[in-house]
Amino acid sequence: MQGFSAKSTKGQMAILTLGSIASKIVATAVYPIIARLYTPEQFGDYSVFYSCLFILAPVATLKYPVLIPLVKTKEEVWEIISITSWISVIFCTLLVVLKLIVGFRYEFFPFLIGSLLGASLNEIFVFWNTRKSSFGILAILEISRSTTGSLAQIAFGKTQTFINGLVAANFVHKLGLIPLLWSRLKTPAFRKIFSIHNVRNLYVAAKEKSDVPKYMLPSELMLVISNRVPVLVLASIYGKSVAGFYGMAIMLLALPLRMLGNSLSKIVYSKLKLYDPNHLNDLVSLKIFINRFRLSLILAGLVICCVAFFSPM
């Protein structure tokens, strides 16, 4: 049975974890600055926006990108990328049509649509590089995007534009991946599969792989809804300020667990297709999980101390 040793797993984990740690250190370090540039109401607007984005993002892809590291042929990879792209475009179009029909007003709606498309592209890119075990690229990308997003938050906060700088920075952060992804997708193979003439074939392929949205999407939705609905409820009952404080606290405290969990999941996805289903327990040793859990507790403590000592009262 092919696999990866504890030594190789630790090396791959180290690359991704160091990238995640560096990116989260940047985000945590600028938080005291951002906390002084924006009002609690602006944090509340951002928390509501981020919650809506977090809840809608799984529906915008139906979780098809998780198949990218698992399929065997390159043609199937292009197929899944095309299916995901069409689903995202159709879903965002339906949201725009629904808004026009119902007539509800949400000042950040254009940013929400753009961020949804960007989040879908990000998921494609991450799983694509996970398939290729390009963990160095993922680590560098995470650091650069975190830095860009943090600088954008500070820049928008300093200039005090007519829009919420936190929302605008998130928009820039999500869409910043488009040029890089497009440079890799503009191949004849992708254009052929993505073309309008191939939609019927993509529909058949999506139906064949429908177990992913059928089983994975509900569990993902339950997770994100349980995470983000409290923010929406607090905003509607107690106002944006309370929702802003709650949302930012939850995001900061979740950083260590998120970055280590994401690192480990990428490695497992990249290797899962090599394994015998009867030996899945050999994927990663218990010792690695224990070590990463200890590290996450230490990082969580550092985040709490940073926020407690350097944020405004």
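**Core.** I started with the largest nonpolar core, which has 28 residues, and found that I34, Y46, F49 and L116 touch the most other members. For my own reference, a nonpolar core is a set of buried Ala, Val, Leu, Ile, Met, Phe, Trp, Tyr and Cys residues joined through side-chain atoms within 4.5 Å. Buried means under 20% relative accessible area, exposed over 50%, and partly exposed in between, with a 1.4 Å probe and protein chains only. I then looked up which elements give two or more residues to this core: helix 1 (6–37), helix 2, helix 3, helix 4, helix 6 (165–175) and helix 11 (240–272). Helix 2 supplies the largest share, seven residues. Apart from this core I noted another one, of 18 residues, with Y64, I80, I83 and I124 among them.

**Ground rules.** This is a predicted model, and I keep to its limits: local features need pLDDT of at least 70, side-chain atom pairs count only at pLDDT 80 or more, and totals for chains, interfaces and linings use all residues. Residues are numbered from 1 along each chain as its sequence is written, and side-chain values use heavy atoms, with hydrogens and water left out. Helices (H or I, at least four residues) and strands (E, at least two) are DSSP runs, numbered from the N terminus.

**Helix 4.** How far apart are the end C-alpha atoms of helix 4? I get 33 Å, which agrees with the 33 Å that its 23 residues should span at 1.5 Å a residue; the expected span is 1.5 Å times one less than the number of residues. The helix is mostly covered, with 20 of its 23 residues buried. After helix 4 comes S133, and I noted its positive phi, near 55 degrees.

**L116.** I listed its contacts (heavy atoms within 4.5 Å). Leaving aside neighbours within four places in sequence, L116 meets L53, L56, A57, A60, F91, C92 and L95.

**S115.** This serine sits in helix 4 (residues 109–131). Is S115 buried or exposed? S115 counts as buried because its relative accessibility is 0%. Not counting residues up to four places away, S115 touches F49, L53, N170, F171 and K174. I also checked V167: its C-alpha lies 9.5 Å from that of S115, with the two residues 52 apart along the chain. The S115 side chain reaches the backbone oxygen of F111 at 2.8 Å. I count that as a polar contact: a pair of N or O atoms within 3.5 Å, where within protein one must be able to donate a hydrogen and the other to accept it, and residues adjacent in sequence count only if both atoms are side-chain atoms.

**The loop between helix 2 and helix 3.** L62 lies in this loop, between helix 2 (40–61) and helix 3 (74–102). L62 is not a glycine, yet I read a positive phi of about 55 degrees. L62 is partly exposed, at 24% relative accessibility. K63 is in the loop too, and its phi is also positive, near 65 degrees. K63 is buried, with a relative accessible area of 8%. Its side chain makes a polar contact of 3.1 Å with that of E123. Beyond four places in sequence, the contacts of K63 are P58, E123, V212, M216, L217 and E220.

**Cysteines.** How many disulfides are there in the whole structure? My search finds zero, with a disulfide taken as a pair of cysteine sulfur atoms within 2.5 Å. I looked up C52, which is partly exposed at 23%, and C92, which is buried at 4%.
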